[in-house]
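Here are a few exercises to work through with the model open beside you. Try each one before reading its solution.

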Amino acid sequence: AENPTGTRYRIVFQGESYTVGIGTEAPRRDTWPAQLTTALNQRADLRVTPYNLAQESHPSIQVLDEQVSDVAGYEPDVVTLQVGLNDIVSQDEGYADNVAAILDELLLILPPERIFAITTPDHTLTKWGDKRGSREAVESLNDSLATEAQARDIEVIDIGPVSDRGAVDDTLLVQSDPPVPYPTAKQYAGWAEVIGPFVYDALTSIEP
């Protein structure tokens, strides 16, 4: 059961379709931010309110221009960023600079240990294949994310070990025709399990 008495915290999620939960049956229940929030709220010592600012099809420049400016108003205790797929699709060369600018803006709001960058899954392993950019493009993008985050002492959370299983487990991907690379609620549950301990530790280490 949810616990109404634990310490209250706010999490702001930023990103694109993967954080919006496009393709899930009930995004308010099935997205990884929603499942992460549910899991955290089942703990006795805290209560989390989520704010999901992610927008479908947003590349990093739109996250920078349209999402980051709203973050401070929510007075978050933790912020997450997952963006990249649409930069690959649009072949935007400015990803590293945009991510650097996003992270610098977030550091004006929170210390680095309460900001988390989350990798972009490798869609080339799905039936969608490499129609929207190569595996090398995904690896390069995640390398850029890691470089910019690590330079600022910000943790990068790799959901690759979960998303990569989609190559052999159809239940982890939305089965539609034509195929799409979107995760199912089951895959998002796996992401939430990976991300959850980082967020929990960050929240519970906040001085009252």
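## Exercise 1: a residue in helix 1

T19 is buried, with a relative accessible area of 0%. Keep in mind that the model is a predicted one.

**Task.** Find which helix holds T19, and which residues beyond its neighbours within four places in sequence T19 is in contact with.

**Solution.** Start with the location: T19 sits in helix 1, residues 17-20. Next, the burial: the cut-off for buried is under 20% relative accessible area, so T19, at 0%, counts as buried. Finally, the contacts: with neighbours within four places in sequence set aside, T19 touches F13, Q14, T31, W32, P33, N52, A54 and Q82.

## Exercise 2: the faces of helix 4

**Task.** Check the span of helix 4 (residues 60-71), then work out where its buried residues lie around the axis.

**Solution.** Begin with the span. Now list the buried residues of helix 4: S60, V63, Q67, V68 and V71. Viewed down the axis of helix 4, these buried residues fall within an arc of 105°, so they line one face of the helix. On the other side of helix 4, D65 and S69 are exposed. To finish, look at the partners: the buried residues of helix 4 pack against strand 1 (7-15), strand 3 (78-82), helix 5 (85-90) and helix 6 (95-107).

## Exercise 3: helix 6 and its partners

**Task.** Which residues of helix 6 are buried, and at what angle do helix 6 and helix 7 pack?

**Solution.** Second, the buried residues of helix 6 are Y95, N98, V99, A100, I102, L103 and L106. Their packing partners include helix 4, strand 4 (115-118) and helix 7 (135-150). Third, helix 6 and helix 7 pack at about 35°, with their axes 9 Å apart. Helix 6 passes helix 7 in a right-handed crossing. Y95, A96, V99, A100 and L103 of helix 6 make this contact with L141, S144, L145, E148 and A149 of helix 7.

## Exercise 4: helix 3 against helix 9

**Task.** How are helix 3 and helix 9 oriented to each other?

**Solution.** The axes of helix 3 (residues 32-41) and helix 9 (residues 185-204) come within 8 Å and cross at roughly 55°. Helix 3 and helix 9 are therefore oblique to each other. The crossing of helix 3 past helix 9 is right-handed. On the helix 3 side, the contact is made by W32, Q35, L36 and L40. Helix 9 contributes residues including Y188, W191, I195 and Y200.

Definitions and conventions. Residues numbered from 1 in each chain as written. Predicted model: local features only at pLDDT ≥ 70, side-chain atom pairs only at ≥ 80, totals over all residues. Heavy atoms only, no water. Helix = DSSP H or I, 4+ residues; strand = E, 2+ residues; numbered from the N terminus. Expected span 1.5 Å × (residues − 1). Buried < 20%, exposed > 50% of the residue type's maximum accessible area, 1.4 Å probe, protein only. Arc of directions from axis to C-beta. Contact = heavy atoms within 4.5 Å. Axes fitted to C-alpha atoms, helices over the stretch in contact; angles between N-to-C directions. Parallel < 35°, antiparallel > 145°, perpendicular 65-115°, else oblique. Left-handed = near helix turned anticlockwise from the far one by under 90°.
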